[in-house]
Amino acid sequence: MSEVTNTTKGPFYFILTGIPGFEDSHIWISIPFCCLYTISILGNTTILNVIRTEPSLHQPMYLFLSMLALTDLGLTLTTLPTVMQLLWFNIRKISFESCFAQFFFLHGFSFMESSVLLAMSFDRYVAICRPLHYATILTSEVIGKIGLAIICRCVLAVLPSLFLLKRLPFCRSHLLSHSYCLHQDMIRLVCGDIRFNSWYGFALVLLIIVMDPLLIVLSYSLILISILGTATWTERLRALNNCLSHILAVLVLYVPMVGLSMTHRFAKHASPLVHVIMANMYLLAPPVMNPIIYSVKTKQIRQGMFRLLFQRKVH
């Protein structure tokens with residue numbers, strides 16, 4: 001394969017990779033992927049419709065849940081085109097501009113997922129530890145500002161890494177190891193000085209991937225101290241049950257994220273299949289599992305889904 005750079009006169013492109021070692025079975029592998037994408041799209045759009053149509057759910061907790069569903073939907077739709085066209089039609093080429101666009105949205109929505117879960121942990125803290133002030137602290141205006149801050153935070157976090165990477169020459173093999181464009185995958189193909197990119201990436205990890213979980217743990221520590229100090233056992237169990245859906249959503253995001261990081265750090269020479277499986281788990285687990293978790297564990301969402309389904313059958 002000839003070497004190319006992003007400064008050549010011809011069109012520059014990257015080549016995506018499917019499931020290593022199972023290229024002949026891509027059409028069969030597409031079936032579970034198609035099912036997972038369908039579950040994610042239907043589940044998250046249903047939650048958004050339920051929250052939109054049920055006036056009783058226009059509360060801070062459910063407004064944050066709608067933010068999470070929108071983020072999951074964005075993450076799903078970002079990877080779906082390249083993954084499914086590769087598995088169905090073996091279309092592996094992706095243009096330079098398209099790859100960077102996918103890079104921006106993929107990492108942006110991924111960071112947004114973490115930020116929304118952090119905001120939801122603050123919501124649970126206020127609801128349990130400051131119940132009398134809940135309505136005055138988390139007003140619609142405050143929630144709108146939190147949503148805007150989350151968007152600005154993620155855009156400002158991803159844009160510099162995008163421009164820092166785009167200015168560098170790509171003069172090595174343009175073969176990516178996934179069926180979508182990841183920063184850590186693309187930067188391997190650069191032949192210039194990437195020290196500043198690496199330091200910026202390290203700062204992002206500290207700012208979002210490390211700080212967000214620590215703040216979530218802090219909020220739950222304060223919640224635990226509060227309910228153990230003042231509540232009866234029945235109230236304690238009720239408070240913990242109210243947090244269970246959010247705790248599961250946090251685990252669904254961060255367990256695959258830590259697993260992927262550990263794989264990149266300590267299993268560099270492992271089979272490419274291991275890296276592909278871990279990356280797909282990280283990107284698909286939250287959008288698929290979050291609607292299931294909240295529909296099963298949240299009575300109001302479950303009842304809203306039944307009402308929505310019943311109304312459609314009547315009409």
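Is Arg188 buried, partly exposed or exposed? I looked it up and found Arg188 partly exposed, at 43% relative accessibility, where buried means under 20% relative accessible area, exposed over 50% and partly exposed in between, with a 1.4 Å probe and protein chains only.

Before going on, I noted that this is a predicted model, in which local features need pLDDT of at least 70 and side-chain atom pairs count only at pLDDT 80 or more, while totals for chains, interfaces and linings use all residues. I also noted that residues are numbered from 1 along each chain as its sequence is written, and that side-chain values use heavy atoms, with hydrogens and water left out.

Next I looked up the salt bridges (a side-chain nitrogen of Lys or Arg within 4 Å of a carboxyl oxygen of Asp or Glu), and I found six of them in the structure. I reminded myself that side chains of opposite charge can pair when their charged atoms come close.

Among them is the bridge from Arg188 to Asp185, at 2.7 Å from N to O, and here Asp185 is buried at 3% relative accessibility.

I then turned to Arg124 and Asp123, whose side chains form a salt bridge at 2.9 Å, N to O. Arg124 counts as buried because its relative accessibility is 8%, and Asp123 is buried as well, with a relative accessible area of 2%.

My last entry is on Arg195, which meets Asp193 in a salt bridge of 2.8 Å, N to O. Arg195 is exposed at 60% relative accessibility, whereas Asp193 is partly exposed, with a relative accessible area of 44%.
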